[in-house]
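Dear colleague,

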Amino acid sequence: TNARNACWSCRSPFRPSLHPVLIHFGVTWCFPLAPTLSLLDCEAAWLLAIMSTITPHKLGVHKILKYIPLNAIFDAPAKRRLAKAVNIADLRLCAKARAHKMVFDYLDAGADDEISLRRGKDAYSELEMHFHILSGLKPPIDMRTKIFGCDVKLPFFGCPTAGNRMFHWEGETAAAKAAEHHGSLYGLSSLATTGIAEIGKIHNGPKVFQLYVWKDRELVKEVLAKAKEGGFNALALTVDFTWYGNRERDIRNDFSIPPKYSINQMIEAIKKPAWTYDFLSHEPYTYACINTDVSADSLAAFVNSQIAPEFDWKDAEWLLGEWNGPSAVKGVCRPDDAVRAVETGFSTMWVSNHGARQLETSPATIDVLPSIREAVGPEVEIIMDGGVQRGTDIAKALALGADSVGVGKPYLYGLAAGGTEGVIKALEILRVELDRAMGLLGVGSVDDLKKRGPSLIKRRHASARDYPDRYAYERGYGGGVI
């Protein structure tokens, strides 16, 4: 209170029954937020403080809202935008228009200055496609191939990514349904918000389970047993996540799972009613592959404590012995590491830089792919992800040594834009673009593209014409930072 015994923030008379509560939560609720709260009285500020500990989910609001079908009203604009999308850049803008700012930036961002993020896209611009003519092809192009020894209809798939329900209430089930629809491989993260058993009921095709480098071996054994029981064919060990990348958009947005009930977060939530109603009308997130009884926010600290920077090649050998099946080491960008991974017992090299979200100025994966193929030879399976925005990007990766290609941001943009329908559309966009690219190149199958690839793709020096123009930001080129 001030000398007149009134609140510094709202200037209302001091009421002992109310203001001591504010002081108990911290006087910062009054002083720094005074300009923001100029139209609010002390009771409103008190409610904001209370909401930092008592959330709508804890009050059971979602159990009521799920019976009130307002989703269709709030989602109508999103559906119209999704219907008009013609490429992945359009889906990105659809996702940006529907998702909470904190959530979209988490999906869209890279590490530090996002140099690797931009380079990952730009690298494809330096690769020209030298096509054959009069190839005598008839549509459709044969895109069938094998991934982890299993037959699939597409040579690309959605990468395993954490916390999909953050983007849309359907979460991982939407991606699994889309993979089932297209006949593609499905990848599930060990930090998924949907359980292994539920995914197994949705997707009957080949599946890969992604695992981080964890300290607790008993926990690892438990999760691996669940994956095997759930029908997962392969394991992918992520090895480029031993430290958490510096993602400055997340820091600026005060990113958290679930969102904090701060003034800024609530203002952003009001701006995105479709996402907010989804969030408030469904069960809170849990990391379902680990413990469905623990909320994502409570478990986050546990997960952070489990990441093992000291995890080494001997630990990898132990893990492979526990899994005893097809396995990929995910996060390879050096030929010598790829050779050692083969010697250790991994059957698949997964060329990746974690979506340019970890080590800033790490190389574009398409640039290191040929050297890794040369190092491990023609018989070792290689998956590549990173920077893919077009079907032509997938064609270039297959031509330069990849057996299949993972996509992350493209299908997550679709998920954030419109759930299952959005993911199906994202994969369909890429499928149509790849079909067109292969047809115009003069190759009728994935096998043909891989055999003839080196003669079809040529690198040239970059040109200013290759890179973003003044309208590129609106089209989504360059990771949101131009």
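How many aromatic pairs does the count come to? If rings of Phe, Tyr and Trp (its six-membered ring) are paired when their centres lie within 6.5 Å, and planes under 30 degrees apart are called stacked, over 60 edge-to-face and the rest tilted, the count comes to 10 aromatic pairs.

Please bear in mind that this is a predicted model, in which local features need pLDDT of at least 70 and side-chain atom pairs count only at pLDDT 80 or more, while totals for chains, interfaces and linings use all residues. Residues are numbered from 1 along each chain as its sequence is written, and side-chain values use heavy atoms, with hydrogens and water left out.

The pair of Y106 and F167 is stacked, because the ring centres are 6.3 Å apart and the planes are at 25°. Y106 belongs to helix α6 (residues 101–108) and F167 to the loop between β4 (156–158) and α8 (172–182), so the pair ties together parts that are 61 residues apart in sequence; helices (H or I, at least four residues) and strands (E, at least two) are DSSP runs, numbered from the N terminus. Y106 is buried, with a relative accessible area of 13%, and F167 is buried as well, at 2%, where buried means under 20% relative accessible area, exposed over 50% and partly exposed in between (1.4 Å probe, protein chains only). Together with F255, Y106 and F167 form one aromatic cluster.

W275 and F279 form a stacked pair too, at 5.4 Å centre to centre with 5° between the planes. Both residues lie in helix α13 (residues 273–280), four residues apart, about one turn of the helix, and both are buried.

Finally, the second largest pocket has a volume of about 640 Å³; a pocket here is an open set of points on a 1 Å grid where a 1.4 Å probe fits, with protein on both sides within 12 Å along at least five of seven lines, and lining residues have an atom within 4 Å of a point. Of the 27 lining residues, V239, D240, T242, G331 and D337 are the closest to the centre of this pocket. The largest share of the lining, three residues, comes from β8.

Best regards

Key: Points joined across faces, edges and corners; volume = space filled by probe spheres on them.
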